[in-house]
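My plan is to look things up one at a time and jot down what I find.

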Amino acid sequence: MSGSLYDLTMDLASPSQAARRGFSPERSAGIAVPPDPGVARLHFGDPCFATPRHIVDAATAAMSAGYTHYPPSYGDPDLRTAIARRASRRAGRPIESSEVLVTAGSTAAIYCALTAVLDPGDEVLLFDPSYSLYATILNQIGARPVYVGMKEALRPDRDRLERAITDRTRLVIINNPANPTGVVFNEAELRAISEIAVAHDLLVLADEIYDELVFTGAFSSCLALAELSDRLLYINGFSKTYAMTGWRLGYLVARPELLHAAHVIHSNSSAGVNWPTQRAGIAALDGPQEPVAEMIAGYHTRREALLEGLAGTPGLRPVLPEGAFYLYVGFRFNPPIRSAEITKLLLKEGVAVRSGTEYGPAGEGYVRISYSATLDDIRDGAERLQRVFTRLS
Ligand SMILES: Cc1ncc(COP(=O)(O)O)c(C=O)c1O
């Protein structure tokens, strides 16, 4: 890819060490599959639905009403209140609007939170596999991502987590429901992790951006674990639930001391979030929720279509997709074939997926398939995948 946007080492005049450390070729290439009508696009984490109309209308009304100046840097007060109300419902206890920082997507919330609390050399525990953004930010900071292997069926392993702790460990990351696996951690698993965090005095970053997309069983939020409240960096956003990826709206909830530190990073980098977008966020949270229910039903249909399309594929070992909109599948062939290689081969055969290795070393032998796609792409993609896997078996 010499000469491309993604060739940092060759083409930029002199990128800083931080920029070099923060660059992941696999993550960048995974995101940037060029549009091609012949390719079934099952690689993306972008909702396959449009933002509900009343949310769009709230943004245009806000522009007309003069929300065109600098916004308050912590966020629009009405939006912070609406977010605090939602978080209080999740927590089962009052959360104040003063505990909310509005950011440009949850990406920025994660970035501000991690950058605010970590120093170079600090160690951060994350499950293997984990959403690839975490490691790139940690690398950029100079902190060390420490991947912790999971149990059978990719469930969290309390003992392995505890064994990974050293005197440099500062923080543990929980993403629930999980990208890329689609696993939803249950309350007992979350309690086991939080016990360890309390016992070893660790911070916890809980990214619950897929909390409305749960297809099996109930969802438990880290916000509801009272023992975490003073060490929790809680992340959520509007991208997935309200199909608002293009708007860039997310938030961090944390106790004031942690929030103020994150605000320093936030105000030095963006100074605040596009104000009409924030007014649209209020309409999303306080307006009708039927469009969300319709989208969830749509994901349900797509999940079924993908599972059906892949049923009986030789060599394929899917992880039960409990939540988010991903199916994580293991494969084994003789002779063995690497995840990055099979991802390239599948793209050549007309289906874009992500290599499991983007998400950590344990991703070798896996690919991630997104079912946030058109039903045609899901059916065509499953057929092509089935064809390739049958050939390799
Ligand atoms: C687990 C997880 N967290 C955070 C994000 C970032 O979302 P956004 O910045 O659009 O809010 C994503 C996007 O795919 C994700 O999968």
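These are my entries, grouped by the part of the structure I looked up.

**Entry 1: what kind of model**

I noted before anything else that this is a predicted model.

**Entry 2: around the ligand**

Which residues come nearest to the ligand? I found Gly45, Gly105, Ser106, Thr107 and Ser239, out of 13 residues around the ligand. I then looked up which element gives the most to this shell, and it is helix α6, residues 105-117, with 3 residues. Sorted by class, the shell has 10 polar residues, 2 nonpolar ones and 1 charged one.

A reminder to myself before the sheets: strands of a sheet pair through backbone hydrogen bonds, either parallel or antiparallel.

I traced an open sheet of 7 strands, in the order β2-β8-β7-β6-β5-β3-β4, and its pairing is mixed. Which strands stand at the edges? They are β2 (100-103) and β4 (144-149); each has a single partner strand, so one side of each is left without a neighbour in the sheet. From one strand to the next, the twist averages 25°.

I picked one pair to follow in detail. Strand β7 (residues 232-237) runs antiparallel to strand β8 (residues 250-253), and they pair over 4 bridges. In this pair I found Asn236 opposite Tyr251 of β8.

**Entry 3: a helix across the sheet, and its neighbour**

Helix α10, residues 256-269, lies across β2, β7 and β8. Its direction is at about 20° to β2.

The axes of α6 and α10 come within 8 Å, with a crossing of roughly 110°. Angles of 65 to 115 degrees count as roughly perpendicular, and that makes α6 roughly perpendicular to α10. Their crossing is right-handed.

Which residues meet there? From α6 I listed Cys112, Ala113, Thr115, Ala116 and Val117, and from α10 Leu258, Ala261, Ala262, Val264, Ile265 and His266. This contact has 9 nonpolar residues, 2 polar ones and no charged ones.

**Entry 4: two further helix pairs**

I kept in mind that two packed helices are described by the angle between their axes and the distance between the axes.

My next pair was α4 (residues 53-64) with α11 (residues 275-286). Their axes come within 8 Å and cross at roughly 140°, and α4 and α11 are therefore oblique to each other. The crossing of α4 and α11 is right-handed. On the α4 side I noted His54, Ile55, Ala58, Ala59, Ala62 and Met63. On the α11 side the residues include Trp275, Pro276, Ile282 and Ala283. The contact of α4 with α11 divides into 11 nonpolar, 2 polar and 1 charged residues.

Then I turned to α12 (residues 290-310) and α14 (residues 375-392). Here too the axes come within 8 Å, and they cross at roughly 20°. Angles under 35 degrees count as roughly parallel, and α12 and α14 are therefore roughly parallel to each other. The crossing of α12 and α14 is right-handed. Residues of α12 in the contact are Arg302, Ala305, Leu306, Gly309 and Leu310, while those of α14 include Leu375, Ile378, Arg379 and Glu383. By class I wrote down 7 nonpolar, 2 polar and 3 charged residues for the contact of α12 with α14.

**Entry 5: the sheet of 4 strands**

This open sheet has its 4 strands in the order β9-β10-β13-β12, with antiparallel pairing. Its edge strands are β9 (316-318) and β12 (354-355), and each pairs on one side only. I looked closely at β12, which 2 bridges join to the antiparallel strand β13 (residues 366-370). Arg354 stands opposite Arg368 of β13.

**Entry 6: backbone details in the loops**

Where are the cis peptide bonds that I looked up? One runs from Asn179 to Pro180, with omega near 20°. I found Pro180 in the loop between β5 (169-175) and α9 (187-199). Another cis bond runs from Asn334 to Pro335, with omega near 5°. Pro335 is in the loop between β10 (326-331) and α13 (339-348).

Ala153 sits in the loop between β4 and α8 (158-163).

Conventions: Residues are numbered from 1 along each chain as its sequence is written. This is a predicted model: local features need pLDDT of at least 70, side-chain atom pairs count only at pLDDT 80 or more; totals for chains, interfaces and linings use all residues. A residue is near a molecule or strand if its C-beta atom, placed from the backbone, lies within 6 Å of it. Ala, Val, Leu, Ile, Met, Phe, Trp, Tyr, Cys and Pro count as nonpolar, Asp, Glu, Lys and Arg as charged, and the others, Gly among them, as polar. Two strands pair if DSSP finds at least two bridges between them. Axes are lines fitted to C-alpha atoms, for helices over the stretch in contact, and angles run from 0 to 180 degrees between N-to-C directions. Angles under 35 degrees count as roughly parallel, over 145 as roughly antiparallel, 65 to 115 as roughly perpendicular and the rest as oblique. A crossing is left-handed if the near helix is turned anticlockwise from the far one by less than a right angle, and right-handed if clockwise. Two residues are in contact if their C-beta atoms, placed from the backbone, lie within 7 Å.
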